[in-house]
Amino acid sequence: MDTANKLASVATFQILKLPLGFIRVLEWLFAIFAFATCGGYTGQLRVSVDCMEKASSNLSIAIDFSYPFRLHQVSFEAPLCEEMRSERLFLSGDYSSSAEFFVTISVFAFLYSLMATVVYIFYHNKYCENNRGPLIDFIVTVVFSFLWLVSSSAWAKALSDVKMATDPDEVQLLVSACKDQRNKCGSVQGPRWSGLNTSVVFGFLNFVLWAGNIWFVFKETGWHKGAVKQQGGPPEKQSCSFGQQAYNPSSFDQSGGYGAQGDQSPPSEYSQVGGSTLYPNPM
């Protein structure tokens, strides 16, 4: 309980109102959506083979596939339309590298965003003690921005290939019986792509978030602060400015002297005005 109270006492939740903290929370949420919609996908397609010999027909051949989309390992049984015999066939293509790369970047981005948010809130003073924390944060943000762009582009291309490889019309070309015009083959059901399409959208949204956050992280580094001092421009709003009290004109003593703010000590019995000393009037 004491540990929880200590953490609550040093928490700086105001950081979440600034773009630096707010965008980190969005990155955390969007990373969850990205790897959940891709890594949790399971699809199914169905084709039919209507043989000239009706007894050999199979009007609902179910083909299931899922992440990580090693389609060359997905097999199904199709009739040969010859004496009740069947053949075992495999889909074509292996798109696991792009899918796993995308999910891996999503998971690591989720973990880093969570860790960075915790540091911003509970260890903000440590983060701002020197330039090391903001500098590491800036470099990691740039790297993740690049990785999001690469992984999302690769996954978008792989998804296009997966759609083509699992198109029921393309799958029918693998079935030997469908090459005989006396047999009729058709599509019963195609896969649903809404989940995977959403994962691509979240991938590029993550890239936009991380790339946009580069500027706000850069403002916390010593590089930006040094450039602002050299140019003599007004200081910009930064997360590390929390707790730093700016100059307050009311702290100037109205009697003509500077004193510590909040010093309400009574005036001395002897006061000096215009260089001469005034003594109290004896009764």
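In this predicted model, Lys54 is exposed, because its relative accessibility of 59% lies over the 50% cut-off. The side chain of Lys54 forms a salt bridge with that of Asp50, at 3.1 Å from N to O. Asp50, in turn, counts as partly exposed, with a relative accessibility of 21%.

**Salt bridges**

- In general, side chains of opposite charge can pair when their charged atoms come close.
- Lys126 and Glu129 are joined by a salt bridge in which the closest N and O atoms are 3.8 Å apart.
- Lys126 is exposed at a relative accessible area of 58%, and Glu129 is exposed at 54%.
- Asp161 and Lys157 meet through their side chains in a salt bridge of 2.9 Å, N to O.
- Both Asp161 and Lys157 belong to helix H5 (residues 132-165), where they are four residues apart, about one turn of the helix.
- Asp161 has a relative accessibility of 21% and therefore counts as partly exposed.

**The three-stranded sheet**

- Three strands form an open sheet in the order E2-E1-E5, with antiparallel pairing.
- Strand E2 (58-66) and strand E5 (184-189) are the edge strands, each of which pairs on one side only.
- Neighbouring strands of this sheet are turned against each other by 25° on average, direction ignored.
- In general, strands of a sheet pair through backbone hydrogen bonds, either parallel or antiparallel.
- Strand E1 (residues 42-50) and E2 run antiparallel and are joined by seven bridges.
- Asn58 in E2 is the bridge partner of Val49.

**Ser48 within strand E1**

- Ser48 is located in strand E1.
- Is Ser48 buried or exposed? Ser48 counts as buried, because its relative accessibility is 15%, which is under the 20% cut-off.
- Which residues does Ser48 touch, not counting residues up to four places away in sequence? The contacts of Ser48 on this basis are Asn58, Leu59, Ser60, Lys184, Cys185, Gly186 and Val188.
- Among these contacts of Ser48 is Asn58, the residue that is also the bridge partner of Val49.

- Five bridges pair strand E3 (residues 75-79) with strand E4 (residues 86-90) in the antiparallel sense.
- Pro79 stands opposite Ser86, which is in E4.
- Six residues lie between E3 and E4 in the hairpin that these strands form.
- Cys81, located in the turn, has a positive phi of about 60°.

**A nonpolar surface patch**

- Val107, Phe108 and Leu111 make up a nonpolar patch on the surface, and together they have about 260 Å² of accessible area.
- Val107 is part of helix H3 (residues 96-122).
- The relative accessible area of Val107 is 30%, so this residue counts as partly exposed.

Terms used:
Residues numbered from 1 in each chain as written. Predicted model: local features only at pLDDT ≥ 70, side-chain atom pairs only at ≥ 80, totals over all residues. Heavy atoms only, no water. Patch = residues over 30% accessible without salt bridge, like charges linked within 9 Å, V, L, I, M, F, W, Y side chains within 5 Å. Areas by Shrake-Rupley, 256 points an atom, 1.4 Å probe, with all protein chains shown as cover. Salt bridge = Lys/Arg side-chain N within 4 Å of Asp/Glu carboxyl O. Helix = DSSP H or I, 4+ residues; strand = E, 2+ residues; numbered from the N terminus. Buried < 20%, exposed > 50% of the residue type's maximum accessible area, 1.4 Å probe, protein only. Pairing = 2+ DSSP bridges. Axes fitted to C-alpha atoms, helices over the stretch in contact; angles between N-to-C directions. Contact = heavy atoms within 4.5 Å.
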